[in-house]
Amino acid sequence: MDKQTSRVHSRTVEQATVDALKRRGVTIEEIAKIVYEMQFPYNKGLTIEHCIESIKSVMKKREMQHAILVGIELDELAEKKMLSAPLQQIVEADEGLFGVDETIALGAVFTYGSIAVTTFGHLDKNKIGIISKLDTKAGGSIHTFLDDLVASIAASAASRLAHRTRDLQEADETFEDIAPEETAPETNIKGATT
């Protein structure tokens with residue numbers, strides 16, 4: 001923690017977010033498969049590595065980090081039966097009218113524009129890749145929040161790539177022409193971090 005302001009350092013929050021996803025069995029590579037499936041038809045030369053880099057940039061956003069940490073914490077508390085009634089039963093059952101999980105995930109998506117919002121809706125409905133596995137509650141785990149959070153990460157990363165596609169088109173280039181670490185539109189702009 002920053003001693004002068006009592007704030008948690010950005011690197012600490014970012015690492016806690018990555019650790020929480022790993023603890024729940026979600027890897028960046030699994031999310032990248034979803035992003036790749038969503039964006040490959042529209043992006044010549046796109047690789048899984050480009051998708052991974054886009055996800056890493058998304059994961060640096062505080063709003064995304066906070067959403068992930070809160071959602072995973074609630075899922076884990078529900079597994080331990082530590083939520084108050086009736087919230088415990090609602091989260092455990094992932095009741096259809098309980099929309100707080102989608103609301104938290106959608107809030108993090110708004111950073112990346114309308115394409116991210118519509119992509120999130122598609123992923124929430126169609127449960128692609130690891131999202132489907134998380135939604136089934138296999139093995140007694142509760143992923144009421146996590147399935148939506150993974151959709152949020154994937155939708156945001158796909159949106160970043162779509163925006164980068166436009167930049168590349170304007171430069172008469174494709175993803176074949178750039179290294180994965182150049183997926184960010186703000187690459188090589190002093191002070192830009194995502």
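## The loop around proline 86

Proline 86 sits in the loop that links H4 to helix H5 (87–93). In this predicted model, the peptide bond running from alanine 85 to proline 86 is cis, and its omega is near 0°. Most peptide bonds are trans, and most residues other than glycine have a negative phi.

## Two residues with positive phi

Aspartate 94 is found in the loop between H5 and H6. Its phi is near 50°, a positive value in a residue that is not glycine. Aspartate 94 counts as buried because its relative accessibility is 17%, and the cut-off for buried is under 20%.

Lysine 127 belongs to the loop between H7 and H8. The phi of lysine 127 is near 50°, again positive in a residue other than glycine.

## Aspartate 75 in helix H4

Aspartate 75 is part of helix H4. Its relative accessible area is 0%, so the residue is buried. Leaving out residues up to four places away in sequence, aspartate 75 touches Arg24, Ile142, His143, Thr144, Phe145 and Leu146.

How far apart are aspartate 75 and threonine 144 in sequence and in space? They are separated by 69 residues in sequence, while their C-alpha atoms are 6.4 Å apart.

## Packing of H4 against H9

Two packed helices are described by the angle between their axes and by the distance between those axes. For H4 and H9, the angle is about 160° and the axes are 9 Å apart. H4 is therefore roughly antiparallel to H9, as the angle is over 145 degrees. The crossing of these two helices is left-handed.

On the H4 side, the contact is made by Met64, Ala67, Ile68, Gly71, Ile72 and Asp75. H9 contributes Leu146, Leu149, Ser152, Ile153 and Ser156. Sorted by class, the residues of the contact of H4 with H9 are seven nonpolar, three polar and one charged.

## Packing of H2 against H3

Helix H2 (residues 28–39) and helix H3 (residues 48–58) have axes that come within 8 Å of each other and cross at roughly 115°. H2 is therefore roughly perpendicular to H3, a class that covers angles of 65 to 115 degrees. This crossing is right-handed.

From H2, the residues in the contact are Ile28, Glu29, Ile31, Ala32, Lys33, Val35 and Tyr36. From H3, they are Ile48, Cys51, Ile52, Ile55 and Lys56. The contact of H2 with H3 holds nine nonpolar residues, three charged ones and no polar ones.

## The largest nonpolar core

Which residues of the largest nonpolar core touch the most other members? Among its 49 residues, these are Ile34, Val35, Ile55, Leu123, Val150 and Ile153. Helices that each supply at least two residues of this core are helix H1 (10–23), H2, H3, helix H4 (62–79), helix H6 (100–109), helix H7 (113–126), helix H8 (130–135) and helix H9 (146–170). H9 gives the most, with 11 residues.

Valine 35 takes part in the contact of H2 with H3. With residues up to four places away in sequence not counted, valine 35 touches Cys51, Ile55, Ala154, Ala157, Ala158 and Leu161.

Methods. Residues are numbered from 1 along each chain as its sequence is written. This is a predicted model: local features need pLDDT of at least 70, side-chain atom pairs count only at pLDDT 80 or more; totals for chains, interfaces and linings use all residues. Side-chain values use heavy atoms; hydrogens and water are left out. Axes are lines fitted to C-alpha atoms, for helices over the stretch in contact, and angles run from 0 to 180 degrees between N-to-C directions. Helices (H or I, at least four residues) and strands (E, at least two) are DSSP runs, numbered from the N terminus. Angles under 35 degrees count as roughly parallel, over 145 as roughly antiparallel, 65 to 115 as roughly perpendicular and the rest as oblique. A crossing is left-handed if the near helix is turned anticlockwise from the far one by less than a right angle, and right-handed if clockwise. Contact means heavy atoms within 4.5 Å. Ala, Val, Leu, Ile, Met, Phe, Trp, Tyr, Cys and Pro count as nonpolar, Asp, Glu, Lys and Arg as charged, and the others, Gly among them, as polar. A nonpolar core is a set of buried Ala, Val, Leu, Ile, Met, Phe, Trp, Tyr and Cys residues joined through side-chain atoms within 4.5 Å. Buried means under 20% relative accessible area, exposed over 50%, partly exposed in between (1.4 Å probe, protein chains only).
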